[in-house]
Structures are given as C-alpha cells and as structure tokens.
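Here is a brief report on one protein chain.

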Amino acid sequence: MTYLKSWEEFERAAERLYLQDPMKSRFTMKYVHSKHIVCLKMTDDVVCLQFKTDMLQDVKKIEKFSNNLMRHMASE
C-alpha cells in the first residue's frame with residue numbers, strides 16, 4: 001500500500017476503480033490532527049489507492065471529488 005504522489009493521479013485512479021465495481025469499492029477519509037494531514041484511501045480489497053496531503057488547495061479538490069463520487073453513487 002503505497003501513497004500516490006499527485007492528486008490528479010489519485011483522482012483518476014480512484015474514479016476508475018469505483019466505476020469498475022461500485023458495490024465492492026470503499027472510500028475513507030481521515031484527518032490526523034496532530035500532523036495536520038488528510039489521508040484518503042480507496043480500495044476494492046484487491047487494489048488499494050492512498051493519498052495524503054496537508055495543502056488547503058488539495059482539501060478543496062477532495063471536497064469536489066467526494067461530491068463527484070456521491071453523484072455517481074446516487075445516479076446508478
């Protein structure tokens with residue numbers, strides 16, 4: 001389980017993973033207050049994608065990505 005380096009890489013891979021099998025995919029988000037880091041994880045029990053950031057711009061992108069995932073979940 002390695003962390004992806006860029007947000008764009010994580011976003012594309014995570015959306016692709018979700019669209020492959022929506023019923024098996026899980027998305028978790030965790031904030032580590034002591035380190036001021038947001039950790040994201042998308043998995044389907046075979047592939048595990050991770051990303052962490054402490055940048056405010058990335059947090060805004062994470063919010064848009066979460067909304068996009070929710071839209072996918074509600075439309076299918």
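## Contacts and burial

In this predicted model, 51% of the contacts in the protein chain with a separation of 6 or more join residues 24 or more positions apart. Of the 76 residues, 34% count as buried.

The protein chain exposes about 5500 Å². Carbon and sulfur atoms supply 55% of that area.

## Overall dimensions

The radius of gyration is 12 Å. A compact globule of 76 residues would have a value near 11 Å, so the chain agrees with that expectation. Along the principal axes, the C-alpha atoms fill a box of roughly 35 × 25 × 20 Å.

## Element order

Two helices and three strands make up the secondary structure of the protein chain. From the N terminus on, they run α-β-β-β-α.

## The sheet

The three strands form an open sheet in the order β1-β2-β3, and the pairing is antiparallel. β1 (26-32) and β3 (48-53) are the edge strands, each pairing on one side only. From one strand to the next, the twist averages 15 degrees.

Strand β2 covers residues 37-43 and pairs with β1 in the antiparallel sense over seven bridges. Val 32 stands opposite Ile 37 in β2.

## Helix on sheet

Helix α2 spans residues 56-75 and packs on the sheet. It touches β1, β2 and β3. The direction of α2 makes about 155 degrees with that of β1.

Notes. Residues numbered from 1 in each chain as written. Predicted model: local features only at pLDDT ≥ 70, side-chain atom pairs only at ≥ 80, totals over all residues. Heavy atoms only, no water. Pairing = 2+ DSSP bridges. Helix = DSSP H or I, 4+ residues; strand = E, 2+ residues; numbered from the N terminus. Axes fitted to C-alpha atoms, helices over the stretch in contact; angles between N-to-C directions. Contact = heavy atoms within 4.5 Å. Rg over C-alpha atoms; globule rule 2.2 N^0.38 Å. Buried < 20%, exposed > 50% of the residue type's maximum accessible area, 1.4 Å probe, protein only. Areas by Shrake-Rupley, 256 points an atom, 1.4 Å probe, with all protein chains shown as cover.
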